[in-house]
Amino acid sequence: MTKNFNKKIISPCISICRTDPRTGYCYGCARTEQEKIIWKNENTKISWKVENLNLIVERMSGWQLETFKESYEHKTKFGISLYKKNLNK
């Protein structure tokens, strides 16, 4: 099986951009501010993004994890998070 190393990895941002002051993690995607900056850098390797996606999912649990999974899946299929979709109604 050939791996596609040029495949674009969709940002985990689900448009709920508020940081928990205690943990420093975003309530929506569980990334730190530094991780958000790295995601925006065009030279960031896909392997880092994949690893970071796995890490942020490990940080989540309960409702946050379920909400993230549902919204991120929608974003990867349709190009927009559920939050933004609902804002446009």
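Predicted model: local features only at pLDDT ≥ 70, side-chain atom pairs only at ≥ 80, totals over all residues.
Buried residues account for 31% of the 89 residues in the chain.

## Fold and dimensions

The chain contains four helices and zero strands. Along the sequence this gives the pattern α-α-α-α.

Along the principal axes, the C-alpha trace spans about 35 × 35 × 25 Å. The radius of gyration is 13 Å, which agrees with the value near 12 Å that a compact globule of 89 residues would have. Of the contacts with a separation of 6 or more, 47% are between residues 24 or more positions apart.

In soluble globular proteins, nonpolar side chains tend to be buried together. The largest nonpolar core of the chain has twelve residues: Ile9, Ile14, Cys26, Cys29, Ala30, Trp39, Leu53, Ile56, Met60, Leu65, Phe68 and Tyr72. Helix H2 (46–59) and helix H3 (62–78) are the elements that give two or more residues to this core. H3 gives the most, with three residues.

## Surroundings of Ala30

Ala30 is one of the residues of the largest nonpolar core. With neighbours within four places in sequence left aside, Ala30 is in contact with Tyr25, Glu35, Ile56, Arg59, Met60 and Gln64. Among these partners, Ile56 and Met60 are also listed in the core.

Methods:
Residues numbered from 1 in each chain as written. Heavy atoms only, no water. Rg over C-alpha atoms; globule rule 2.2 N^0.38 Å. Buried < 20%, exposed > 50% of the residue type's maximum accessible area, 1.4 Å probe, protein only. Contact = heavy atoms within 4.5 Å. Core = buried A, V, L, I, M, F, W, Y, C linked by side-chain atoms within 4.5 Å.
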